[in-house]
Amino acid sequence: GNYIEVIKYSEILMKKYPSSKSGYLIMISVAYQQLGNLEMTKFYIKEAIDIDNSLGENYANLGVIYFNEKNYKGSLPYLLEGLEKGGYKDPCALVY
């Protein structure tokens with residue numbers, strides 16, 4: 001996919017539809033993840049959380065990124081918050 005285009009158009013749409021900003025931030029974070037830029041991925045997920053902290057999957061995704069980086073201490077608060085806010089489709093999958 002053309003992830004640079006996703007980032008570009010998401011930024012445009014975010015300005016046009018500010019009420020959907022957190023969703024566009026997540027789209028940008030996914031694009032950066034696909035490009036292998038985890039620092040920008042984390043940045044945009046955190047921005048989305050700042051706008052709407054009710055979505056557990058954003059916390060869960062951020063926690064998984066930290067966990068995969070072997071930053072277990074950093075991952076734990078996000079994983080727990082994601083679990084508490086229902087951000088896991090299958091919480092049992094975390095143990096595998």
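Predicted model: local features only at pLDDT ≥ 70, side-chain atom pairs only at ≥ 80, totals over all residues.
The crossing of H2 past H3 is left-handed. On the H2 side, the contact is made by Lys21, Ser22, Leu25, Ile26, Ile28, Ser29, Tyr32 and Gln33; on the H3 side, by Leu38, Met40, Thr41, Tyr44, Ile45, Glu47, Ala48 and Ile51. Sorted by class, this contact holds 10 nonpolar, four polar and two charged residues.

H2 also crosses H1, again at roughly 165°, with the two axes coming within 9 Å. H1 and H2 are therefore roughly antiparallel to each other, and their crossing is left-handed. H1 contributes Tyr3, Val6, Ile7, Ser10, Glu11, Leu13 and Met14 to the contact, and H2 contributes Lys21, Tyr24, Leu25, Met27, Ile28, Ala31, Tyr32 and Gln34. The class count here is 11 nonpolar, two polar and two charged residues.

Within H2, the buried residues are Ser22, Tyr24, Leu25, Ile28, Ser29, Ala31 and Tyr32. These buried residues pack against H1, which spans 3-16, and against H3. An α-helix has 3.6 residues a turn, so residues three or four places apart point the same way.

The 14 residues of H2 reach 20 Å from the first C-alpha to the last, close to the 20 Å expected at 1.5 Å a residue. H2 is followed by Gly36, which has a positive phi near 85°.

Key:
Residues numbered from 1 in each chain as written. Heavy atoms only, no water. Left-handed = near helix turned anticlockwise from the far one by under 90°. Helix = DSSP H or I, 4+ residues; strand = E, 2+ residues; numbered from the N terminus. Contact = heavy atoms within 4.5 Å. Nonpolar A, V, L, I, M, F, W, Y, C, P; charged D, E, K, R; others polar. Expected span 1.5 Å × (residues − 1). Buried < 20%, exposed > 50% of the residue type's maximum accessible area, 1.4 Å probe, protein only. Axes fitted to C-alpha atoms, helices over the stretch in contact; angles between N-to-C directions. Parallel < 35°, antiparallel > 145°, perpendicular 65-115°, else oblique.
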